[in-house]
Amino acid sequence: MNITYANTYVWYMCETLFACDSLYNNTGDGEMRMRADLKEDLIALRTTTGMNRREFAEYFGIPYRTMQDWELGNRKMPEYLFRLMAYKVEMEKLTKKTKKS
């Protein structure tokens, strides 16, 4: 899978999950670049699962304080980790809409 395809897939997957069209910024040259600040997107991803912060952190094996710092903007979350988390949520069908079905 090439990088452009992978980024396009991540964008599509995020768009499908929680309409995070703000996750990418259009550079004007046809390229989409990942935003540097992912805290709103992380909160949106967590919210789609119906989990609170503690449950979400435990599910992914991330210390609660780290998750809290990412969501509050005290620390910057690595974008690759966000992409992996979004992928896992999608593959394991953790969204609230899917859970109720």
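User: Contact means heavy atoms within 4.5 Å. Which residues does Glu71 touch, leaving out residues up to four places away in sequence?

Analyst: First, a word on the source: this is a predicted model, where local features need pLDDT of at least 70, side-chain atom pairs count only at pLDDT 80 or more, and totals for chains, interfaces and linings use all residues. Residues are numbered from 1 along each chain as its sequence is written, and side-chain values use heavy atoms, with hydrogens and water left out. With the stated neighbours not counted, Glu71 touches Lys39, Leu42, Ile43, Arg46 and Arg53.

User: How far apart are the C-alpha atoms of Glu71 and Lys39?

Analyst: Along the chain, Glu71 and Lys39 are 32 residues apart.

User: Is Glu71 buried or exposed?

Analyst: Buried means under 20% relative accessible area, exposed over 50%, and partly exposed in between, using a 1.4 Å probe and protein chains only. The relative accessible area of Glu71 is 4%, so Glu71 is buried.

User: Where do the buried residues of helix H2 sit around its axis?

Analyst: In H2 (residues 39–49), the buried residues are Asp41, Leu42, Leu45, Arg46, Thr48 and Thr49. Their arc, taken from the directions from the helix axis to the C-beta atoms, is only 160 degrees, so they lie on the same side of H2.

User: How are H3 and H5 oriented to each other?

Analyst: Axes are lines fitted to C-alpha atoms, for helices over the stretch in contact, with angles from 0 to 180 degrees between N-to-C directions. The axes of H3 (residues 53–60) and H5 (residues 79–91) come within 12 Å and cross at roughly 95 degrees. Angles under 35 degrees count as roughly parallel, over 145 as roughly antiparallel, 65 to 115 as roughly perpendicular and the rest as oblique. H3 and H5 are therefore roughly perpendicular.

Conventions
Helix = DSSP H or I, 4+ residues; strand = E, 2+ residues; numbered from the N terminus.
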